Amino acid sequence: MKTLKLIFLSSLGRKYVMAISGALLFLFVIGHMLGNLQIFLGKDFLNAYAHFLKATPELLWPARIGLLVLAILHIVTAVQLAIENRRARPLAYDGTKIYAASFAAQAILFSGLVVLAFIVYHLLHFTFGKIQPEALTYTVMYKGEPIHDVYKMMVMGFSNPWISAIYLICMGLLCLHLSHGVSSLFQSLGWKTNAYRNAIDKFAKISALIIFLGNCAIPVAILLGLVK
Amino acid sequence: MSETTMNLTLRVWRQKNAQSAGTFVEYEAKNISVDMSFLEMLDVVNEELTARGEDPIAFDHDCREGICGMCSLTINGKAHGPLEATTTCQLHMRSFKNGDAITVEPWRAKPFPVIKDLVTDRSAFDRIIQVGGFVSVSTGGAPDGNALPIPKTDADAAMDAAQCIGCGACVAACKNASAMLFVAAKVGHLGLLPQGQTERDRRVLHMVAQMDEEGFGNCTNIGSCSAVCPKEIGQDFISRLNRDFLKASLRAK
Amino acid sequence: MTLESNVPSGPLAHKWSKYKQEQKLVNPANKRKFEVLIVGSGLAGASAAATLAELGYNVKCFCFQDSPRRAHSIAAQGGINAAKNYRNDGDSIYRLFYDTIKGGDFRAREGNVHRLAEVSVNIIDQCVAQGVPFAREYGGLLDNRSFGGAQVSRTFYARGQTGQQLLLGAYQALSRQIGLGTVKMYPRTEMLDLVLINGEAKGIVVRDLITGAISSHGGDAVVLATGGYGNVFYLSTNAQGCNVTATYRAYKKGAYFANPCYTQIHPTCIPVSGDHQSKLTLMSESLRNDGRVWVPKTAGDTRLPQDIPEGDRDYYLERKYPSYGNLAPRDIASRAAKEACDNGLGVGPGGRGVYLDFSDAIKRLGEDKIRERYGNLFEMYERITGENAYQRPMRIYPAVHYTMGGLWVDYNLMSNIPGLFVLGEANFSDHGANRLGASALMQGLADGYFVLPYTIANHFASTKQHKPSTDAAEFKEAEQEVEARIKKLLSINGKRTVNDFHRELGKLVWDKCGMARNDAGLKEALARIPALREEFWENVNVLGDAEALNPALERAGRVADFMEFAELLCLDALHRKESCGGHFREEYQTEDGEAQRNDEEFSYVAAWGYSGVGNAPVLNKEPLVYEEVHMTQRSYK
């Protein structure tokens, strides 16, 4: 009980909440990207994968609920901490220069909020079908029964350059968010010792870049007509 | 105008006391020698103000050799001014050039309220030490100093942290006004030594709780604190503090 | 009047044990009935406050800085001596005792110095237990270095920041007690008067530096640990706030001021660069372990130091003092530098500087080793002068650094006013006419951790009278005096600033009563000081309010006291017609320019009693009796 109090009420404890929820969301982003990259293996692969997820509610729902909880923890804690941080300096300096801070670190809250907005948009787009309502209606035959044609949905969706542009911009901000966030989570958990400091910073930047490239590959390939 | 003197324009934060609102006031500093320290330059300005019958600028200072931790100015937006690893009292005017405009502000943080002009109240740091920044040994009865060998690397690392002068530049520079580096330095210093082990959990839990209570902001792992620290205390100690607090939280009963 | 030192009888080595065996104690339940007021929170004050609180006394501790951690002890660099003999190089308690007596030019009290050497070993143990990160060897044991005035390695250190680490150790012990509620700390509070009731020290009057409020605190004893008076010289290595006010106020209330003319000039400071200079910066004397001091052999040699060949350099310390060489004691090294500069051989702006050269050490040990040993000092030097001392020699010049004189105390560290204890640099007791390097930290901590806790118990056990009410007339009177003085300072509205007066006073005292003194110069100073003081009280300009933070007002009060104290300093220097340690009278020197003592006439402590501003103080003598050591002409050749 005391441990929980320390974790959820103290300044440092809430950094662990940020770090652990962030780490798990980071792993999800990687998994999500790998799943989607199956688009390059062909229509059947991607649709089979999507169907497998849909047809396995014992996997899908815990994952969805888990992600929701993680996202809420991450966002609520971030906002709480940010409000406290503002309060800790009621009167700002003349000309706010933040010394020795990377751009990614300074923009972490902004990039996070944009990513949040993007997640909502992304869910409305591909999960709830509110952006392009026809997207959820495509079907394709799989093992003798009709299933949702995710491949077609993606191709159709990203063929719209405006939508692709939104995705690309948001992936850029996600990349920025992760390039500080991933190295920061090691620091928050106390694993970023001097021996690994540079390696961790590199890992964060490289993994953020891979996620950016991987995710952007899809809309770019579709726009260029490489995936039809 | 010879090359060894300069004229400057200062914009200095003037605030009568904790209750009143402050404002910037401009002053001319003329014939300032390059060999003066920044505080000696302020002395000159104050002498002129006094001669004109104007209230001199109040600022904290004492040893003027970079170790007492009393001086504390944010100069052109940077705590302790432009040089690395340097307190304001050790900053010399050769770091500036003729005609420069220099903005001088107090440390700004809720737990460091302004007392007057550039003087702030940093007693929050004392209160953090008072709840656990020590080894509980009363005078007398200590074993022989050599009874407990300590690896040189540990003693050196402890010394790296123990050098903290408690000036508060870390708080002043942090965009969140966080006191993590200050707390991390003391937790690191004592946590690296065998003498500090018995109270290690208790110390970190109490000091962090007090830090939170004082109203400092939260660390966002940016590193401004280490960048302005006159003693160059590194981010490693913050990582260590995080680790210690995590372990202590998990073991807390 | 002859003063009684109250040193216990018996063999020197057993005096302190005997004292402890025979002293009276206060039982634990009674301790909390006693309230101790401690002024100052440096090594002596903080260690005393922490230790007395641990023992169960009620303690109030006052300091003018914003935190007890900022006391000027923090600036001590080199180290702390202790007779541990960890090096197996022949050190012992007796040798530390003897070195200290000899270093003090046979003007210190034997009993006190032996006790200091005895408890020195406990200090190291205590500090290690507190977590002070002393330098260590690869085997994990404590490292030592050698220091001026000693032929053994007995100095413990923490990089070049030993004072800082020891003070933080004491500060942490004090903080623990503040956290436990046994010490009430009053930062940004300055003592402005001592209050006596029935002839005993029973309280103080203080000013809250933020609100300006004047208030009284009563206690069963008052402990002054307020440091030295080096700032009477204006330029010194002391912090800006260091002052004589607390001890001078006590002097005015009847405490004797002993040996004020014993002032120490530190040989390795950074030379003055101009009139704007507000303080001088010391670099640890430990630099002399590896640096060689020299000047050009011919006056007016304008070549860069690196261009001057060996043959044209005078390594004057090595030449004059072959066995100690560059490690000759501070007073000797300082005077030798002055002599070289007086002869026109000085280097740098104004010719007031000598070289301290590391090129041989860098050749022998490598730059990395030198960086490891003195890195922070080299950085400090570069920040101040803009020169890189790895590539060219440092320029150094002596500066006022420490004051051996202070309030007179007996073996109990109690002044002639019962209940007034004085610790550390503020008292006169242990260093005689000259202090050895790395002994100030030792004395401050010895007094606070290991001496006062015993002697104050002895005092309390033999007194009955308890803490007075601050409503007593004596307190009200003192408060009114303090308020009147502040009002007066603010009402003068003259033409000159406090700093201006201080600078003039300091220059006068430095010129006439600095590294070398003579009859005519001292008389001149004694004639000029009262006039300057008079002008101060008529023409000083102090702005602002009494009821707010007012640094100029604080400073004005301190300088006003220096204006009176300077006279006492010069008077003592004039009266002591001999040279000893830090007190060098030009008339009294050997043929080769060494200090010449006059043991026949001056082997005593001069303890001055106050008799009104401008009146000649009364000289009281404590004869110095040497039971153990044989007084010799100090020689470091």
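**Close-up 1. Surroundings of His72(C) in the predicted model.** His72(C) is in contact, meaning heavy atoms within 4.5 Å, with Cys63(B), Glu65(B), Gln65(C), Thr237(C), Asn238(C), Ala239(C), Cys242(C) and Lys279(C), when residues up to four places away in sequence are not counted. His72(C) is found in the loop between β2 (58-62) and β3 (80-81) of chain C, where strands (E, at least two residues) and helices (H or I, at least four residues) are DSSP runs numbered from the N terminus. A polar atom of the His72(C) side chain lies 3.4 Å from the backbone nitrogen of Ala239(C). This is a predicted model, in which local features need pLDDT of at least 70 and side-chain atom pairs count only at pLDDT 80 or more, while totals for chains, interfaces and linings use all residues. Residues are numbered from 1 along each chain as its sequence is written, chains are lettered from A and ligands numbered from 1 in the order in which they are written, and side-chain values use heavy atoms, with hydrogens and water left out.

**Close-up 2. The interface of chain C and chain B.** Of the 2 pairs of chains that touch, chains B and C have the most contacts, with 72 residues of chain C in contact with 74 residues of chain B. Between them the two chains bury about 6100 Å², 52% of it on carbon and sulfur atoms, buried area being the accessible area (1.4 Å probe) that two parts lose on being put together, summed over both. On the side of chain C, Arg70(C), Arg159(C) and Arg383(C) lose the most area to chain B, together 12% of what that side buries.

Close-up 3. Side chains of opposite charge can pair when their charged atoms come close. Between chain C and chain B there are 6 salt bridges, each defined as a side-chain nitrogen of Lys or Arg within 4 Å of a carboxyl oxygen of Asp or Glu. One salt bridge joins the side chains of Arg122(B) and Asp66(C), at 3.3 Å from N to O. Chain C and chain B also have 43 residue pairs in polar contact, both residues at pLDDT 80 or more; a polar contact is a pair of N or O atoms within 3.5 Å, where within protein one must be able to donate a hydrogen and the other to accept it, and residues adjacent in sequence count only if both atoms are side-chain atoms. The helices that each supply at least two residues of the side of chain C that touches chain B are α3 (43-55), α5 (110-130), α6 (162-180), α11 (367-385), α12 (440-461) and α14 of chain C. Of the elements on this side, α6(C) gives the most, with 9 residues. By class, the side of chain C that touches chain B has 26 nonpolar, 29 polar and 17 charged residues, where Ala, Val, Leu, Ile, Met, Phe, Trp, Tyr, Cys and Pro count as nonpolar, Asp, Glu, Lys and Arg as charged, and the others, Gly among them, as polar.

**Close-up 4. The interface of chain A and chain B.** Here 39 residues of chain A are in contact with 52 residues of chain B, and the two chains bury about 3600 Å² between them, 54% of it on carbon and sulfur atoms. Leu12(A), Tyr93(A) and Tyr99(A) supply 19% of the area that chain A buries against chain B, more than any other three residues. The count between these chains is 2 salt bridges, and the side chains of Asp236(B) and Arg197(A) meet in a salt bridge at 4.0 Å, N to O. Chain A and chain C, by contrast, do not touch, and their nearest C-alpha atoms are 20 Å apart.

**Close-up 5. A salt bridge within chain A.** The side chains of Arg14(A) and Glu84(A) meet in a salt bridge at 2.8 Å, N to O. This pair links distant parts of the chain, with Arg14(A) in helix α2 and Glu84(A) in helix α4 of chain A, 70 residues apart.

**Close-up 6. The second largest cavity.** About 650 Å³ of space lies in this cavity, a cavity being a set of points, on a 1 Å grid over the protein atoms alone, where a 1.4 Å probe fits but cannot get out, with lining residues having an atom within 4 Å of a point. Grid points are joined across faces, edges and corners, and the volume is the space filled by probe spheres set on the points. Of the 37 residues in the lining, His61(B), Pro551(C), Ala552(C), Glu554(C) and Arg555(C) lie nearest the centre of the second largest cavity. In this lining, α16(C) gives the most, with 7 residues.

Conventions:
1 Å grid on protein atoms, 1.4 Å probe; cavity = no way out; pocket = protein on both sides within 12 Å on 5 of 7 lines; lining within 4 Å.
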